[in-house]
Each structure stands twice: as structure tokens, then as C-alpha cells.
Amino acid sequence: MTTFPKDSILVLIETTPSGELARSAAGLLGAAARVGTPVALLVGESATAAAASEAAGAIGAKHVLTADPEGGASQLAVPVVDALAAAAALVHPDAILLSNSVNGRDVAGRFAARTRSALAVDAVGISRDEEGIVAHHSVYGGAYSVDCAPTFGAPVITVREGSIDDRAEAASPETTALDVPPSGVPAASIQSFEAQAVVSNRPELRGAAKVVAGGRGLTSQEQFALVDQLADVLGAAVGASRAAVDAGWVPNSYQVGQTGISVSPQLYVALGVSGAIQHRAGMQTAKTIVAINKDPDAPIFEIADFGVVGDLFDVVPQLIASLSARKE
């Protein structure tokens, strides 16, 4: 029987439909390695493949648990929660980490409710003190940093993708197949689905290392093309403020902010974004923020590392030309 370290941190790693590890995996295992020994849980038919375990070890998993629970291919959330409960009972971790994705939040909430565990959502950092694991949050639009920790038990923590820079050392993990008894909890069933391939040269907004975002200052959908052009030169994802989305210039999936997607890229370039508190809530943890706006009093300059006060229709084309010349 496998014996797990006393400082084990259980990490639920999501997989893509093709069986690859989700991009959030490296950050989660890096966070786990900062405070303990990473133990990865892979759920699903593809997750039981040896390649998945090797991939998890390559990004820092010291132990790998694999599970293919009953109903996992046709039911939503519940089979994964069943697997997570079985893994937690086996490992007795100091904390349980999940991605702050739609699926991650769903599983985290269900698991915490089932096990009466403390739940910390959208953490931007993890640490350990003499009493246990501490989750760090950026709240109220980034105006405050808050630390939270449970008074008992192992906390369930969802981590904002891109917020953790630490990476764990590669390992040759010991792999254990997990027996998952079905809980019998009612679950929504998938009747059918159709895969849709999205072809894009740009990275996905959530978890992107670089993001270029446009706001009301771009004035029209046609002018929003400047955001696309700069993003292509930088190899960045494209984001937008709520004003740009509400104007119909870009889809809702581009929205960054309190009611959109939260991002923590290495570089965030804001073009014509005023920096309302709702927008700042979704991007203030970016490592480097560059703002271009003609209004010197725009709130975005309060958090920007570098700011250009000027007409973006003059500044951005020059920036694109300069960056393009460097790439040649």
C-alpha cells in the first residue's frame, strides 16, 4: 500500500478531451510544491494512460492517482467529486488545490459541501505558516490583499490560472489506480455533444502569458482591429473591457473583469481602457501593466507599471511598426 508524505497537497488536474493536461496544471503543481509534496489526481478514461502520469511527473507531481469513476463519461461533476473524495480519504492531504476554471469551481464547491471543508476561491497565492496552509486573495478590485486559512481540516482552494510563477521540479512519480465507489448523488447527464474546432493563432485568454485589451477609447469595432494587430505582433491573447463588449465590438468571451474572466499574465497592455474598478478586479494581479490612454486622470494609470498619455491611434501604430521591425 502506498504511503503518502504528511505534507501532501492533493492537486486535481484537469485534462482536455484529447487527454492532454490542462495548462493550469503546471501552476497548480508549482503552488503545491511551494508548501508541500504534490500529489496529482487525474480523472477520466484518458487520465489512466501511462502518458498522462508521465506528463504530470514532468511538471512536478511526486505521486499520481488515476481514476475512471462510474459515469465519468456521461455525468457532470459528480463522478469527479467522487474521485476527489476517494483520493482525499487515501492521501489525507494538508490542502486540496483545483483550477479556478468553471469545472474546477463546480467540483470544489460540491466537494467542500459534501465533506464540510473550508473553501477558498480564486486564490492568487498559497503559503504555509506554523498552523497550516494559507490562501492569498486579491479582493475589491485589487484594492486589498486578504489571507485566509481554515480553523480545522484541509482547505479546498481554487487557484487563479497564471497567478503562480513557481514551477515544481520534474519527478518520476509513483502511480496508483484509485478505486472510486459511486456516491449515488444525482447528477446531470450528457445526452449528446458535438466537438467544435476553433482555429486561432492566439493563446486562450484565460491563462495567457500576454494579453492586449481594448476599451471604450477605441471608439468602434473597426478601430478595435488595433488590439488584434498588436496582439498578433506580441503573440498575445485579446481581451476587452465591459464597455467594448456591451458595444458589440467583441464577443462576451473577451471580457476581462469582475463579471468576465480574471487573468494574471506576465504582460497586460490596456488600450483605451479607463480602468473602472470592475475591470481592474480581473487583471490587477498582472505582473506588468502597460496603459495607453489620452486621459491623464484615467484610473488605469493608478495601477499601471508603464503609462503613455496620448492618442492611441497615433501611439499604437508606431508601437506595432517598431515591434514588427524588431522581429524582422
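So, is Asp-106 buried, partly exposed or exposed? Asp-106 counts as partly exposed, because its relative accessibility is 32% (buried means under 20% relative accessible area, exposed over 50%, partly exposed in between, with a 1.4 Å probe and protein chains only).

Quick housekeeping, folks. This is a predicted model, where local features need pLDDT of at least 70 and side-chain atom pairs count only at pLDDT 80 or more, while totals for chains, interfaces and linings use all residues. Residues are numbered from 1 along each chain as its sequence is written, and side-chain values use heavy atoms, with hydrogens and water left out.

Okay, back to Asp-106. Its salt-bridge partner is Arg-110, with the closest N and O atoms 2.8 Å apart (a salt bridge is a side-chain nitrogen of Lys or Arg within 4 Å of a carboxyl oxygen of Asp or Glu). Both sit in helix 4 (residues 102-115), four residues apart, about one turn of the helix. Helices here are DSSP runs of H or I, at least four residues, and strands are runs of E, at least two, numbered from the N terminus. Arg-110 is partly exposed too, at 38%.

How many salt bridges does a search of the whole structure find? It finds 11. One of them joins Asp-166 and Arg-34, with the closest N and O atoms 2.6 Å apart. That pair links distant parts of the chain, 132 residues apart: Asp-166 is in the loop between strand 9 (156-159) and strand 10, and Arg-34 is in helix 1 (residues 25-35). Asp-166 is partly exposed at 31%, and Arg-34 is partly exposed at 39%.
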